[in-house]
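The structure comes first, then a short tour.

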Amino acid sequence: MGQITLTAKIQIYPDDEQKELLIRTRKAYTDGLNFVSDIVYNSHNLCENDLSRELYPTLRERFGLKSQQSQSVIKRVLSSYKTIQTHEHGWIRPSFKKDQYELVWDRDAAFYKGRLISVNTVRKRIKVPYSVKGYEQYFNNPKYKLGTAKLIIKHGKYYLHVPVTCNVEEPDLVKAQTVVGIDRGLRFIVTTYDSDGKCSFVNGRSITQKRRQYVRIRKRLQKKHTASARRRLRAIGNKEHRWMSDVNHCISKGLVESYPAGTLFVLEDLSGIQEATAKVKRKNRYTMCSWSYFDLEQKLIYKARLKGSIVIKVDPHYTSQRCPICGYTDKGNRDKKKHIFICQSCGYRSNDDRIGGMNLCRLGIEQANALVPGTVAGGV
Ligand SMILES: [Zn+2]
């Protein structure tokens, strides 16, 4: 059994009075952290019981923290000291510069009557509307355990970032029944080829167009050297990121869900941006976003693990030049302009976009069969 943790983001919608309370709570919590950090630094005492006994009244009276928050402050400081001591082997005083507030789930923050989240503040518990868009599956499901949330305030918006932990079976290459090669590219964002011989494409044209649009807007803004242009540039960058992340979410979800648990997905190992950019022609490079490749990879890996499937990465060399039928490898096999692959040795012809996926699928089958011969039948 392994474990994976991801972060579910809940947006909350406090009114003005509630916002003020949240900000005050965050400040009190952080002041409490620094206060406890000083005491521990001077006393070298890391015993939680001692600290609770000594500091509890002060945290409550001087900083106005509730009892649960006071405990959480002490725990948080102790864990910082312990982390530092594991790495630095000494007494270094952690200081908490940025205001923060950590909320123990079901205590400092909890769902309330299904429609609201109840949040503990220094004065009282407040009930705020919320949205968990895109993260619904992690809540009200005993499979997932919610950890200590963080209050995040960003661009005037309020969020609770909740770590969600889930136990998953260790992926088992030996049990893989289906193998799917996934080739990432530009013309098609992904091309897949599976061990049943099925090939499918996710067309990248609309994505490339939208990216070009972003590039144009960015160029225009870069020419103006004003503060507002810089602000807009940042905003546009964030928007593009969110959009691309959504696209990748849909693609990875679609891939993982269209195959049974225990499927082996094979990707090219594109560690190092050079490999990723080398895949496209120079004039296309500006549309290439290697970040997006890696983001897709990350999403695919954790979604596959949740489902009990496996993702492996293989050497990307020659995946577009090698004949999937006879193995003959030559640059001349591929006519990039006509998007056609013709093997110079056996004459095998195919749309060149399929070749990468086919070769990846084959490499995956080879790896699975190397462990247990005959595990995966059929293939390329
Ligand atoms: Zn051939």
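Rings of Phe, Tyr and Trp (its six-membered ring) count as a pair if their centres lie within 6.5 Å. In this predicted model, such ring pairs link W105, F111, Y130 and F139 into a cluster.

Searching the whole structure turns up 11 aromatic pairs. One of them joins Y29 and Y101, with 5.3 Å from centre to centre and 55° between the planes, a tilted arrangement. This pair links distant parts of the chain: Y29 belongs to helix α1 (residues 16–43), while Y101 lies in the loop between α3 (67–88) and β2 (102–104), 72 residues apart. Are these two tyrosines, Y29 and Y101, buried or exposed? Both Y29 and Y101 are buried.

Another pair is made by F188 and F201: the ring centres are 4.5 Å apart and the planes meet at 40°, so this pair is tilted. Here too, distant parts of the chain are linked, with F188 in strand β10 (residues 188–194) and F201 in strand β11 (residues 199–203), 13 residues apart. As for accessibility, F188 has a relative accessible area of 14% and is buried. F201, at 35% relative accessibility, counts as partly exposed.

| Charged residue | Ring | Distance to the ring centre |
|---|---|---|
| K127 | Y112 | 4.8 Å |
| R184 | Y293 | 5.4 Å |

K127 lies over the face of Y112, and R184 places its charged end over the ring of Y293.

Methods. Residues are numbered from 1 along each chain as its sequence is written. This is a predicted model: local features need pLDDT of at least 70, side-chain atom pairs count only at pLDDT 80 or more; totals for chains, interfaces and linings use all residues. Side-chain values use heavy atoms; hydrogens and water are left out. Rings of Phe, Tyr and Trp (its six-membered ring) pair if their centres lie within 6.5 Å; planes under 30 degrees apart count as stacked, over 60 as edge-to-face and the rest as tilted. Helices (H or I, at least four residues) and strands (E, at least two) are DSSP runs, numbered from the N terminus. Buried means under 20% relative accessible area, exposed over 50%, partly exposed in between (1.4 Å probe, protein chains only). A charge sits over a ring if NZ of Lys or CZ of Arg is within 6 Å of the ring centre and within 35 degrees of the ring normal.
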